[in-house]
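Take a moment with the model before reading on.

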Amino acid sequence: MFTDKEINAKQLSPLNLAFIGDGVYEILVREMLVGEANRPVNDLHAESIKFVSATAQCEAYEKIKNDLTEDEEAVFRRGRNAKVSHSPKSASQGQYHIATGIEALFGYLYLCDRKERIRELFKIILDK
């Protein structure tokens, strides 16, 4: 983590986990894209959308779902089942909930300082 503040991930709401997980997932995608090639920022943004959209995150879940531990699956379900206050424009309600579950999972792993596990799951997402 970048701050010295202790945060107990198990005590946070699933939407708080998804809030931080959204940023974690985004930085993984951005780092991967910048590592591939030096490109114009508009190209990087267009390419990143292919990974961070609710539809793409649903596909990501399909790739990792059989590799999740019981604890990770429970965190994902909490995020997926969280009550959201708005409906998505570019995805179905179900896709949006799955994407929220993915973000909650990545946020949880990050706050639990499980960066190696984040890398493992992201590698599975990219490799399949």
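A crossing counts as left-handed if the near helix is turned anticlockwise from the far one by less than a right angle, and right-handed if clockwise. Helices here are DSSP runs (H or I, at least four residues), numbered from the N terminus.

## About the model

This is a predicted model, where local features need pLDDT of at least 70 and side-chain atom pairs count only at pLDDT 80 or more, while totals for chains, interfaces and linings use all residues. Residues are numbered from 1 along each chain, and side-chain values use heavy atoms, leaving out hydrogens and water.

## α1 against α6

Helix α1 (residues 14-36) passes α6 (residues 115-127) with the axes within 12 Å and crossing at roughly 60°. Axes are lines fitted to C-alpha atoms, for helices over the stretch in contact, with angles from 0 to 180 degrees between N-to-C directions. That makes the pair oblique, the label left after roughly parallel (under 35 degrees), roughly antiparallel (over 145) and roughly perpendicular (65 to 115). The crossing is right-handed.

Val24, Tyr25, Leu28, Val29 and Met32 of α1 touch Ile118, Phe122, Ile125 and Leu126 of α6, where contact means heavy atoms within 4.5 Å.

## α1 against α2

With α2 (residues 41-52), α1 packs at about 130°, the axes 10 Å apart. So α1 is oblique to α2 as well, and this crossing is right-handed. On the α1 side, the contact includes Tyr25, Glu26 and Val29; among their partners in α2 are Leu44, Glu47 and Phe51.

Terms used. Helices (H or I, at least four residues) and strands (E, at least two) are DSSP runs, numbered from the N terminus.
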